[in-house]
Amino acid sequence: MARDLVAVMTGQDAAGFDIDVTVELPESVRHKLDRVERARSAELTARAEAAAELRSAALELKRTGMSVRELGRVLHVSYQRASQLTSATRQPRPTGP
């Protein structure tokens, strides 16, 4: 629509020029969005750390002789997840939004 308006107002062909639109956000909003990005980054870090600690705890408990069903109950995960946590050939889980 903007391209058509400029074309009509100037008499130029609408295909003969580009329009760049830049949105200027208020500083308060930019500040909030910066805080969102920092919080999201911290969340990803915390999730990775929590996953590593859970895996470490599962492996330590497995070495004591616990079954995966027992591990699941203790760690509040399914026995299938407990098995994944303690398997030797663990595939990395994808990260990101």
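Which residues are buried in helix 4 (residues 79-86)? The close-ups below take up that question and a few others, using a predicted model.

**View 1. The buried face of helix 4.** Ala82, Leu85 and Thr86 are the buried residues of this helix, which runs over residues 79-86. Look down the axis of helix 4 and these buried residues fall within an arc of 85°, so they line one face of the helix. What do they pack against? Their partners are helix 2 (27-63) and helix 3 (68-75).

**View 2. A look at Thr86 in helix 4.** Thr86 has a relative accessible area of 7%, and because that is under 20%, Thr86 counts as buried. A polar atom of the Thr86 side chain lies 3.0 Å from the backbone oxygen of Ala82. Setting aside neighbours within four places in sequence, Thr86 is in contact with Arg55, Ala58, Leu59, Lys62, Val68 and Leu71.

**View 3. Gln84, also part of helix 4.** Is Gln84 buried or partly exposed? With 45% relative accessibility, Gln84 is partly exposed. Gln84 and Ala58 sit 26 residues apart in sequence, while their C-alpha atoms are 9.7 Å apart in space.

**View 4. Arginines over rings: Arg69 with Tyr79, and Arg3 with Phe17.** The charged end of Arg69 is over the Tyr79 ring, 3.8 Å from the ring's centre. In the other pair, Arg3 lies over the face of Phe17, at 5.7 Å from the ring centre.

Definitions and conventions
Residues are numbered from 1 along each chain as its sequence is written. This is a predicted model: local features need pLDDT of at least 70, side-chain atom pairs count only at pLDDT 80 or more; totals for chains, interfaces and linings use all residues. Side-chain values use heavy atoms; hydrogens and water are left out. Buried means under 20% relative accessible area, exposed over 50%, partly exposed in between (1.4 Å probe, protein chains only). Helices (H or I, at least four residues) and strands (E, at least two) are DSSP runs, numbered from the N terminus. The arc is that of the directions from the helix axis to the C-beta atoms. Contact means heavy atoms within 4.5 Å. A charge sits over a ring if NZ of Lys or CZ of Arg is within 6 Å of the ring centre and within 35 degrees of the ring normal. A polar contact is a pair of N or O atoms within 3.5 Å; within protein, one must be able to donate a hydrogen and the other to accept it, and residues adjacent in sequence count only if both atoms are side-chain atoms.
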